[in-house]
Amino acid sequence: MAISKRKKAQYRRIAVYVLSVIALLAVALVVDWGRLQSAMFQWDIVVEQFPSILTNAAKNTIIFTIFGFAGGLSFGLLFALMRLSTIRPYRWFAATYIEIFRGIPLLVTLLILGFGIPIATGWHWPNPYVQGAVPLALVASAYMAETIRAGIEAVPKGQMEAARSLGMSYSRAMITIIIPQALRIIVPPLTNEFVLLIKDTSLISVLGVTEGTRDLARFGRDGVNHTANATPLIVAGLVYLAMTIPLTQLVAWMERRAKAASR
Amino acid sequence: MARTTRLLASLAALSFIVASCGGSDSASDTTAAASTTAQELTFTPVAEGKLTVCSDAPYEPFEFQNEDKTWTGFDMDLMSAIAQRYGLALEVTVQPFDGIWLAPKAGTCDVVASSLTITEERAANAAFSDGYFDSFQSLLVRTADKDTLNTLASLSGKTVAVQTGTTGEEYAKANAPDAKIQSFDDAAAMFLALESKQVDAVLQDFPINAFRATKMGTSVVSIKFDTESEKYGFATSQDNTELVKAINASLAEFRTNGVYDGIYKKYFG
């Protein structure tokens, strides 16, 4: 008896469901939940993390991220425009900058700018926030410059031509016609960049932290140190998710709306 | 002619390399063989044939790498002597200091050798060997500040670097409440922060500060806090009682047969 194609696909789907349920059951039975909970999720330790994990650690992570993103976006836009410029030295400068800051790991950049520059020049960073946020913004701007450039190039050529034929100057057309459309195109990759920045702030602690400037990851690690238990790391991880998931959902919702509007 | 010379030269170079390899091996063999008596393995190492050691390095003069990349320093020399006593090779895993004493419990390594002070809090989650070194807290400052930053009281309003998870951090928080305390992941970052004037002083164990001061010459130890001595111990998992016994037996032997004194002299004169 031959099985029809549709039946075959249906059986396959059922098999996948059954296997998933078996896998879940196996995990549930094999894992020693009591041990896992005592090592990674002790409720009294969870409670201990609050409220300072939010008022201190998460606050600092958000401050670093916002400064990093704002700086990265403005400088990124500048470098993207320089990269597209008809003036050669602008293009060379932007290309060199992007290659350098995109190619060197943030950790190394942080150490070079945070310690190296002051040692070499005798100049001081005014405070730990600036010291951490500036390298973050510089690296972010290199990435964002390329994203923004791709966005600008994705706007159809006709837009610029039409704007110029209406008598707009190049810069006016760029600012009022091209860049707004480009920004809309690059919302998904920019969101990605924002999420990466949130997580990259965890590297800033190599420059030294005071009680007041600890970020989420450092807070979690210090917690492990005090309690000899992994619970603070789990809580820190959950707080990261509490920041990133609403953000990505919001952007997904905005994208859906934008798609509906442009249909 | 040219060709033969080159050939001879490369042969000579080759034999030199072979000889020097053999030379260094046999040299380290003889020093160790003369000083330790081979023992039967009583514990099960995490990696077969190796004594895996977790350490927050570099932390001169206790754990650092020579120019030829071999691990050396006070802790590491003791560890390699212990490894050799049990016919094991020394393997070093570098990791950050905070919570390092939990690593053997997690199965990352057999033992922690990282200038680790024995404290009650740490002993609740790790098994410690007998103490093998007495240490004190101290203050490292830039040479220009040596007469002004030399008491706990003088730290008021100043920025003090400490390493995360260390007894130095606890000491600073307890005894210098008016200082701005900045915590760092490793000793190297603290020294950079002192050089770059991000901090005014580094509060940590005396031997490390003293070694740095002599090595660099730009900073000095302005005070050694003589109030409380701390004992360094090697940490293992609490389940690994045989390894603790083996380490303690080795340390006891090294103290009587001159190995300990030899290593001490090498680093602290």
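Author: Two strands are said to pair if DSSP finds at least two bridges between them, and strands (E, at least two residues) and helices (H or I, at least four) are DSSP runs numbered from the N terminus. The model is predicted, so local features need pLDDT of at least 70 and side-chain atom pairs count only at pLDDT 80 or more, whereas totals for chains, interfaces and linings use all residues. Residues are numbered from 1 along each chain as its sequence is written, and chains are lettered from A and ligands numbered from 1 in the order in which they are written.

Reader: How many bridges join β8(B) to β10(B)?
Author: The two strands run parallel, and Val160(B) has Ala201(B) as its bridge partner in β10(B). The number of bridges that join β8(B) to β10(B) is 2.

Reader: Which residue of β9(B) stands opposite Gln163(B)?
Author: Strand β8 of chain B, residues 159–163, is also joined to β9(B), in this case by 5 bridges and in the parallel sense. Within β9(B), the residue opposite Gln163(B) is Phe184(B).

Reader: Which residue of β9(B) is the bridge partner of Thr210(A)?
Author: Strand β1 of chain A, residues 209–210, is joined to β9(B) by 2 bridges, and the two run antiparallel. In β9(B), the partner of Thr210(A) is Gln182(B).

Reader: Which element gives the most to the side of chain B that touches chain A?
Author: Counting residues as in contact if their C-beta atoms, placed from the backbone, lie within 7 Å, 21 residues of chain B touch 15 residues of chain A. At least two residues of that side of chain B come from each of β9 (180–184) and α5 (187–195). With 5 residues, the element that gives the most is β9(B).

Reader: At what angle do the axes of α10(A) and α12(A) cross?
Author: Axes are lines fitted to C-alpha atoms, for helices over the stretch in contact, and angles run from 0 to 180 degrees between N-to-C directions. Helix α10 (residues 187–200) and helix α12 (residues 231–262) of chain A have axes that come within 11 Å and cross at roughly 175°.

Reader: How many nonpolar residues does the contact of α10(A) with α12(A) have?
Author: Among the residues that make this contact are Phe194(A) and Ile198(A) of α10(A) and Leu247(A) and Val251(A) of α12(A). Nonpolar here stands for Ala, Val, Leu, Ile, Met, Phe, Trp, Tyr, Cys and Pro, charged for Asp, Glu, Lys and Arg, and polar for the others, Gly among them. Besides 3 polar and 1 charged residues, the contact has a nonpolar count of 10.

Reader: How far apart are the end C-alpha atoms of helix α1 of chain A?
Author: Helix α1(A) is hardly covered, since the count of buried residues among its 26 residues is 0. At 1.5 Å a residue, residues 5–30 should span 38 Å, and the separation of the end C-alpha atoms agrees with that, at 38 Å.

Reader: Which residue of β4(B) stands opposite Leu51(B)?
Author: Chain B has another open sheet of 5 strands with mixed pairing, in the order β4-β1-β5-β12-β6, and its edge strands β4 (89–94) and β6 (127–128) each pair on one side only. Strand β1 (residues 50–55) of chain B pairs with β4(B) in the parallel sense over 6 bridges, and helix α2 (residues 74–85) of chain B lies across both strands, running at about 160° to β1(B). In β4(B), the residue opposite Leu51(B) is Leu90(B).

Reader: Is Thr96(A) buried or exposed?
Author: Thr96(A) is found in helix α5 (residues 88–103) of chain A. With 10 C-beta neighbours inside 10 Å, Thr96(A) counts as exposed.

Methods: The expected span of a helix is 1.5 Å times one less than its number of residues. A residue is buried if 20 or more other C-beta atoms lie within 10 Å of its own, exposed if 12 or fewer, and partly exposed in between; C-beta atoms are placed from the backbone. Two residues are in contact if their C-beta atoms, placed from the backbone, lie within 7 Å.
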